Amino acid sequence: MTPPTTEAPVAPAPVTSRAPAAPPAPPVKAAPPPGALDLWTLLPLVATVLLLALPVPGAGTPASQGALPADLASGAAVLCCLGRLLARRVRPLPAGAVLIAGLTVTGLAVATVTASDPAAALPGLVRYLQVFVLVPLAVCLTIRDARGFRLLTAALVLLALVQGFVGVRQFATGTGASYMGEEVRAVGTFGPGDIMGMATVVGYGLLAAVPYALCPSASVRRWLRPCALVVTAGLVVALAVSFSRGSWIATALAALTVVVLTGRRTATRSLLVLGALSVVLVGGFGVGSDMVRERLSSVTDVARAPDRSVNDRYALWEAAGSMWRERPATGVGLKGFPEFRDGHASVGLSSGSDTEGAGQEFRRQALLSPHNMYLLVLGEQGLIGFVTVVGGWLAVLVASVRALFLARRRRAGAIDCGLVAVGLVVWQTIDFLYSDIGGPTTVLTGVVLGLGTWWALTAQDEAASA
């Protein structure tokens with residue numbers, strides 16, 4: 001008999017715990033185009049330039065000598081740049097920029113400490129640091145590639161167009177500053193107390209447009225060349241009716257330098273175009289031809305029969321040289337020229353210059369500077385300041401020209417930036433022979449030196465890939 005079979009108990013199936021479903025992934029946001037964030041960081045610098053298009057309250061009066069909106073915007077640009085350095089640890093400055101800035105600060109510090117009144121020299125120290133150290137470094141650190149450079153130079157051109165339009169309108173309607181008994185001198189919104197202001201702005205804008213009119217880069221759009229030609233023609237007219245001999249000389253020599261650096265073939269065509277343009281504008285349409293011709297002839301007459309303004313300028317130059325000879329190493333200190341002027345100037349120096357027009361009543365404006373930046377530095381800062389401060393400007397000029405030759409040899413795509421940088425720095429170094437810092441446009445000097453420094457010391461990799 002077969003024993004009954006028993007079935008083995010079936011083990012219950014193990015209970016497996018099912019993992020909860022993963023939450024849906026958030027949608028991936030499209031990354032901003034390369035360089036877009038860097039362009040946003042340029043807004044404080046762009047504002048620094050464009051705010052100078054606004055009318056200056058009390059232009060030419062002591063009330064206009066304080067901090068203006070453009071100065072505040074430049075301070076914001078410096079603070080924003082410092083914040084990015086601390087928060088994001090952005091790339092450090094190149095060694096060349098650190099060396100130039102360090103030498104400049106050293107020279108300014110020595111001139112402040114050794115001044116007869118160091119407390120009175122402190123405002124001058126702050127101004128010099130703003131223009132020759134902080135703003136140039138902010139520009140150099142903020143610009144990341146050629147697009148940022150072009151954006152800032154486009155702001156210079158736009159500012160020049162606005163001021164040039166106002167100036168040409170002043171000439172056409174007889175509402176400008178007084179010149180040869182007529183209120184026809186174009187001064188823009190800066191007033192007769194700062195007759196170099198509009199000419200300076202227009203010179204910057206013209207030199208920022210000339211490279212695109214004569215030798216556009218392959219990396220920029222084709223329509224830019226005819227636009228640049230029109231802009232150049234308009235700014236030539238505005239510069240002509242400013243009747244500023246120093247700005248004419250600086251712009252002509254800087255533009256000639258840019259034309260020569262574009263190459264022999266392009267330079268020949270460009271000189272022919274510029275010559276024809278000048279003949280058409282001044283000879284054909286008569287854009288202030290009589291006054292411009294007389295003003296041009298006065299450039300060669302200043303040595304034979306100088307007018308009163310030239311006599312005053314010679315006396316101021318001699319006073320600055322006398323200050324330097326008295327204290328050759330350190331000078332009389334920052335902001336010391338007005339205090340020591342009378343003790344070193346000749347008796348032929350007048351008490352001031354007459355200004356009126358452009359909505360301003362007759363006013364006697366004191367002559368408180370030598371109208372020559374090199375002599376001002378030599379007289380107030382001595383040889384120490386001259387070597388450290390002026391040496392920095394010349395180093396930027398030489399390095400920017402060298403960088404342009406290297407870019408042309410490598411066939412880099414941002415040669416237009418190099419031509420603009422060289423033109424602006426050449427203009428500034430020549431114009432300093434006839435002017436010094438002072439007035440609302442002073443902050444633009446720092447922007448221009450910053451553009452030149454960026455191209456000279458940091459543009460090689462970024463510009464080549466633009």
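Two residues are in contact when heavy atoms of one lie within 4.5 Å of heavy atoms of the other. The mean pLDDT of the chain is 80, and 76% of its residues reach 70 or more.

**Confidence along the chain**

- Among the elements of the chain, helix α2 (residues 43-50) has the highest mean pLDDT, 95, whereas helix α11 (residues 289-301) has the lowest, 57.
- Over residues 26-35 the pLDDT stays under 50, and the model has three contacts beyond four places in sequence for this stretch.
- Where pLDDT is low, the predicted coordinates should not be read in detail.

**Helices α7 and α9**

- Two packed helices are described by the angle between their axes and the distance between the axes.
- For helix α7 (residues 196-214) and helix α9 (residues 245-261), the axes come within 10 Å and cross at roughly 15°.
- Angles under 35 degrees count as roughly parallel, and α7 and α9 are therefore roughly parallel to each other.
- Their crossing, that of α7 and α9, is right-handed.
- On the α7 side, the contact is formed by Met-196, Ala-199, Thr-200, Gly-203, Leu-206, Leu-207, Val-210, Pro-211 and Leu-214.
- These residues meet Ser-247, Thr-251, Ala-254, Ala-255, Val-258 and Val-259 in α9.
- The residues of the contact of α7 with α9 comprise eleven nonpolar, four polar and no charged.

**Helices α9 and α15**

- Helix α9 also packs with helix α15 (residues 415-431): their axes come within 8 Å and cross at roughly 150°.
- The crossing in which α9 passes α15 is right-handed.
- From α9, the contact involves Gly-246, Ser-247, Ala-250, Thr-251, Leu-253, Ala-254, Thr-257, Val-258 and Leu-261.
- From α15, the contact involves Leu-419, Val-422, Gly-423, Val-426, Trp-427, Ile-430 and Asp-431.
- In the contact of α9 with α15, ten residues are nonpolar, five are polar and one is charged.

**Helices α12 and α14**

- Helix α12 (residues 308-326) and helix α14 (residues 373-410) have axes 8 Å apart and pack at an angle of about 15°.
- The two helices α12 and α14 are therefore roughly parallel to each other.
- The crossing of α12 and α14 is left-handed.
- Trp-317, Ala-320, Met-323 and Trp-324 of α12 make the contact with Leu-375, Leu-378, Gly-379, Gly-382 and Leu-383 of α14.

**Aromatic pairs**

- Nine aromatic pairs are found in a search of the whole structure.
- One of them is the tilted pair of Tyr-128 and Phe-132, with 5.6 Å centre to centre and 40° between the planes.
- Because Tyr-128 and Phe-132 are four residues apart in helix α5 (residues 118-142), about one helical turn separates them.

Conventions
Residues numbered from 1 in each chain as written. Predicted model: local features only at pLDDT ≥ 70, side-chain atom pairs only at ≥ 80, totals over all residues. Heavy atoms only, no water. pLDDT = per-residue confidence, 0-100. Axes fitted to C-alpha atoms, helices over the stretch in contact; angles between N-to-C directions. Parallel < 35°, antiparallel > 145°, perpendicular 65-115°, else oblique. Left-handed = near helix turned anticlockwise from the far one by under 90°. Nonpolar A, V, L, I, M, F, W, Y, C, P; charged D, E, K, R; others polar. Phe/Tyr/Trp six-rings, centres within 6.5 Å; stacked < 30°, edge-to-face > 60°.
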